[in-house]
Amino acid sequence: MDDEAKQLTELLATDLDGGFTELVRIHAQVVHIFLLRVTGSAAEADDLGQDTFLRAYTALRGYSGDRRRALLPRAWLLTIAANVWRNHVRTSVRRPVSAMRVEDAEDLWSDGRPGPEERAATAEDRGRLVEALSQLPEIYRVPVVLRHVMGLSYGEMAQVQGCPVGTAKAQVSRGLRHLRRLLEPQEAVRKDVAM
């Protein structure tokens with residue numbers, strides 16, 4: 001746990017309201033980006049983000065000071081966000097549909113991290129990646145987003161998903177393979193047009 005996380009958990013243990021305000025300030029963007037990537041909709045990400053922090057605050061109120069000190073805030077919040085999203089998908093009668101056009105979502109793609117977004121050198125590539133990511137099944141979308149968009153380690157991913165580290169690695173690998181397959185037909189068409 002880094003110094004910032006230790007300070008935050010200590011603040012949560014001694015002053016829940018002040019600590020929670022700091023928790024939201026530090027981690028709201030991370031939670032929003034995660035939810036945006038898995039839902040494909042800024043509006044849904046906002047709603048689910050609010051629900052995530054509401055559930056987090058409710059849970060923290062029931063925790064003892066020692067339990068609050070032992071938290072790993074980012075992984076804990078992303079676990080809640082993943083569960084909130086899964087519950088949302090489970091209760092929806094349809095697959096989530098993006099409220100914004102793919103072209104508008106391109107600018108929100110996280111940059112500067114290794115992984116699938118490295119291919120997003122152009123606006124067209126980013127758009128294709130965002131679209132392909134939204135087509136991944138949940139079992140692959142969440143691990144790919146956690147690893148390559150959010151930058152979590154495999155250990156943190158395993159904690160968020162409640163699975164062994166090996167399973168988290170396998171899900172990312174399979175998700176990337178599936179993502180490549182989704183992108184291959186588009187790349188083959190581009191090569192044919194260029195000839």
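Student: Why is R25 called exposed?

Tutor: R25 has a relative accessible area of 57%. Exposed means over 50%, buried means under 20%, and partly exposed is in between (1.4 Å probe, protein chains only). The value of 57% therefore makes R25 exposed. A word on the background: this is a predicted model, where local features need pLDDT of at least 70 and side-chain atom pairs count only at pLDDT 80 or more, while totals for chains, interfaces and linings use all residues. Residues are numbered from 1 along each chain as its sequence is written, and side-chain values use heavy atoms, with hydrogens and water left out.

Student: What makes E22 and R25 a salt bridge?

Tutor: A salt bridge needs a side-chain nitrogen of Lys or Arg within 4 Å of a carboxyl oxygen of Asp or Glu. In E22 and R25 the closest N and O atoms are 2.4 Å apart, so the pair qualifies. Both residues lie in helix 2, three residues apart, about one turn of the helix. Helices here are DSSP runs (H or I, at least four residues), numbered from the N terminus.

Student: Why is E22 called partly exposed?

Tutor: E22 has a relative accessible area of 25%, so it counts as partly exposed.

Student: How do you know that R69 and E10 form a salt bridge?

Tutor: Their closest N and O atoms are 2.9 Å apart, and that meets the salt-bridge definition. This pair links distant parts of the chain, with R69 in helix 4 and E10 in helix 1, 59 residues apart. R69 counts as partly exposed because its relative accessibility is 33%, and E10, at 35%, is partly exposed too. E10, D66 and R69 are linked in a network of salt bridges. The structure holds six salt bridges.

Student: Which residues of helix 3 are buried, and why are they said to be on the same side?

Tutor: The buried ones are E44, A45, L48, G49, T52, F53, A56 and L60. They cover an arc of only 160° around the axis, which puts them on the same side of helix 3. The arc is that of the directions from the helix axis to the C-beta atoms. On the other side, D47, Q50, L54, T58, R61 and G62 are exposed.

Student: What covers the buried residues of helix 3?

Tutor: The cover includes helix 1 (3–14), helix 2 (16–39), helix 4 (65–69) and helix 5 (73–91).

Student: Why is G175 called buried?

Tutor: G175 has 0% relative accessibility, so it counts as buried. This residue is in helix 10. Not counting residues up to four places away in sequence, G175 touches L136, Y140 and V144, where contact means heavy atoms within 4.5 Å. G175 and L136 are 39 residues apart in sequence, yet 7.4 Å apart in space, C-alpha to C-alpha.

Student: Which residues touch the most other members of the largest nonpolar core?

Tutor: F34, L35, L60, W76 and L146 do, out of 47 residues in that core. A nonpolar core is a set of buried Ala, Val, Leu, Ile, Met, Phe, Trp, Tyr and Cys residues joined through side-chain atoms within 4.5 Å.

Technical notes:
Helices (H or I, at least four residues) and strands (E, at least two) are DSSP runs, numbered from the N terminus.
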